[in-house]
Amino acid sequence: MLILLLSTFCSFSQEEGIVELYLVRHARVDLEKPLLCSSSKAAALRNQYDELPVLDFDPRPLKAILGESIRTVFTSDLRRSIETAEVLFPETDTLHADALFNEYDLSVISVPLVPLPYVAWTTLSRFFWNIGLNNRDENRIQAYRRMLQAVDLLEKEAIEHQRIVLVAHGYLIAEMKRELKRRGWTLQINQGHKNLAVAKLTKRPLSSH
């Protein structure tokens, strides 16, 4: 019944000229994290995170939201994004993988001889990155500009295809949602930042009557 209702709503939206954009965070990655680790170990884990496969997951709850008629799917070029999309959309002929949609590239800060949980290292690294003190890779300004380019591309593709999906990453998606709302998109579904969370945004193009 839920799938039928969602499919009916999607069909109605398309008939009315409303475009739909879905942002999906990738599935969980099979990364084993020690209780405590050094900054160098955290940096190694951070690099390993980009190479590991995602854990198995049931795509049906997401498909109930996304529907069955989506044929235009974008991903980052990172393994966890592509593998998630392949499970969700096995019938899609082409996944458009693009580094433009990669997660922000943050280095782990180096603090010798201080063991911390892995999540503490990544949180501290992101904090220092946000204030401009952790810029060994992509800095905050570069990342923001890339996010704007990503939103520009998604808006163009959404208007052309009416319904599209991006499978990407938590921090990038959070900032994209804010930017899309600033540009007049309506956030209709927002499941937060957890793995496999879905955000649905809709907009009526100016040329639509």
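Analyst: In this predicted model, the largest nonpolar core has 26 residues, and those that touch the most other members are Leu23, Tyr104, Leu154, Leu166 and Met176. Two or more residues come from each of β1 (19–25), α6 (140–161), β4 (163–168), α7 (170–182) and β6 (198–203). The greatest share is that of α6, which gives six residues.

Leaving aside residues up to four places away in sequence, Leu166 touches Tyr22, Leu23, Val24, Phe74, Thr75, Phe101, Leu154 and Met176. Another core, of 17 residues, lies apart from the one described above and includes Ala27, Leu62, Leu66 and Leu196.

Two of the contributing helices, α6 and α7, also pack against each other, at an angle of about 60 degrees and with their axes 10 Å apart. The crossing of α6 past α7 is right-handed. On the α6 side, the residues in contact are Arg140, Tyr144, Met147, Leu148, Ala150, Val151, Leu154 and Glu155; they meet Tyr171, Leu172, Glu175, Met176, Glu179 and Leu180 of α7. Sorted by class, this contact has 10 nonpolar residues, four charged ones and no polar ones.

A further helix, α2 (residues 39–49), illustrates how burial can be arranged along a helix. Its buried residues are Ser39, Ala42, Leu45, Arg46 and Tyr49. Viewed down the axis of α2, these residues fall within an arc of 115 degrees, so they line one face of the helix. An α-helix has 3.6 residues a turn, so residues three or four places apart point the same way. The face of α2 turned away from the buried side carries the exposed residues Ser40 and Asn47. Among the elements covering the buried residues of α2 are β1, α4 (79–88) and α5 (118–130).

Key: Residues are numbered from 1 along each chain as its sequence is written. This is a predicted model: local features need pLDDT of at least 70, side-chain atom pairs count only at pLDDT 80 or more; totals for chains, interfaces and linings use all residues. Side-chain values use heavy atoms; hydrogens and water are left out. A nonpolar core is a set of buried Ala, Val, Leu, Ile, Met, Phe, Trp, Tyr and Cys residues joined through side-chain atoms within 4.5 Å. Buried means under 20% relative accessible area, exposed over 50%, partly exposed in between (1.4 Å probe, protein chains only). Helices (H or I, at least four residues) and strands (E, at least two) are DSSP runs, numbered from the N terminus. Contact means heavy atoms within 4.5 Å. The arc is that of the directions from the helix axis to the C-beta atoms. Axes are lines fitted to C-alpha atoms, for helices over the stretch in contact, and angles run from 0 to 180 degrees between N-to-C directions. A crossing is left-handed if the near helix is turned anticlockwise from the far one by less than a right angle, and right-handed if clockwise. Ala, Val, Leu, Ile, Met, Phe, Trp, Tyr, Cys and Pro count as nonpolar, Asp, Glu, Lys and Arg as charged, and the others, Gly among them, as polar.
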